[in-house]
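Student: I would like to go through the pockets and then the salt bridges. Could you bring the model up?

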Amino acid sequence: MSLSASEEEDALAERKMRFLFALRSKGVTDARVLTAMERVDRGHFIKGLFADRTYEDMPLPIACGQTISQPSVVGLMTQALHILPRDTVLEVGTGSGYQAAIVAQLARRVYTVDRHRRLVREANEVFLRLNLSNITAFVADGSFGLPDQGPFDKILVTAAAEDPPGPLLAQLKIGGIMVVPVGQSDAVQTLIKVTRLEKGYDYEELRPVRFVPLLEGLGLD
Ligand code: SAH
């Protein structure tokens, strides 16, 4: 027996409620971040086989052998950036575009780059469909940042580097924050919060994480 329209609506509302509850229980407590995550439906960024796992707090496969991050990690990274309404944010690693769409609810302007053309093209299609006109997505090796668009108030890297890339540190404004997973690709990585001071940088370790590696150059597709 299939569900009626109102039963389906109830089921969706309940899944969303459980999704938000899971975020809170994993430490995503910033009200603005929770509202942003309630507003942007992760379902737009997941296709095919895994669509029924959309509201579970787990990473899922996307095209080009990449992954859409676990929602609680998206929330914790966004929260750590303390995004202000006038901020310009750079994201390295567009992937599905989900993280960029969350950040776009909180910031004035979001630049996001990925080394895979296909991911940038598909993410752009979703941004257009959702009317997220404050996001600009580029195909680029994000290790070098976007010198023409910087410096940035906030930078987030959603692929693991051995060290925070120098060009990204240089493109952070004074007082700006960068969140970046650091470590070898398959070993334990640590999420690091870097704050640019008047002189030098402050580094804080946030938590262990697991991301795909930050690779050099552009992808083949
Ligand atoms: N933020 C994404 C998840 C990203 S997965 C989301 O919300 O779905 C990590 C992404 O980083 C992958 O898409 C990968 O192609 C990209 N990536 C890896 N190295 C990169 C580099 N040097 N420059 C730009 N993107 C890179």
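Student: Which helices and strands each supply at least two residues of the lining of the largest pocket?

Tutor: They are β2 (67-68), α3 (71-80), β3 (88-92), α4 (98-104), β4 (109-114) and β9 (201-209). Helices (H or I, at least four residues) and strands (E, at least two) are DSSP runs, numbered from the N terminus. The model is predicted: local features need pLDDT of at least 70 and side-chain atom pairs count only at pLDDT 80 or more, while totals for chains, interfaces and linings use all residues. Residues are numbered from 1 along each chain as its sequence is written, and side-chain values use heavy atoms, with hydrogens and water left out.

Student: Which element has the largest share of that lining?

Tutor: Strand β9 does, with three residues.

Student: How much space lies in the largest pocket?

Tutor: About 500 Å³. Its lining has 38 residues, and T67, T158, A159, F211 and V212 are the closest to its centre. A pocket here is an open set of points on a 1 Å grid over the protein atoms alone, where a 1.4 Å probe fits, with protein on both sides within 12 Å along at least five of seven lines; lining residues have an atom within 4 Å of a point. The volume is the space filled by probe spheres set on the points, which are joined across faces, edges and corners.

Student: And what about the second largest pocket?

Tutor: That one holds about 190 Å³ of space. Of its 14 lining residues, F45, K47, I62, A63 and E122 lie nearest its centre. Helix α5 (residues 117-129) contributes the most, five residues.

Student: Turning to salt bridges, what does K47 pair with?

Tutor: K47 pairs with E122, with the closest N and O atoms 3.1 Å apart. K47 sits in the loop between α2 (31-39) and β1 (60-61) and E122 in helix α5, so the pair links parts of the chain 75 residues apart. A salt bridge is a side-chain nitrogen of Lys or Arg within 4 Å of a carboxyl oxygen of Asp or Glu. K47, R118 and E122 are linked in a network of such bridges.

Student: Are K47 and E122 buried or exposed?

Tutor: K47 is exposed, at 57% relative accessibility, whereas E122 is buried, at 19%. Buried means under 20% relative accessible area, exposed over 50%, and partly exposed in between (1.4 Å probe, protein chains only).

Student: Where do E14 and R18 lie?

Tutor: Both are in helix α1 (residues 5-25), four residues apart, which means about one helical turn separates them.
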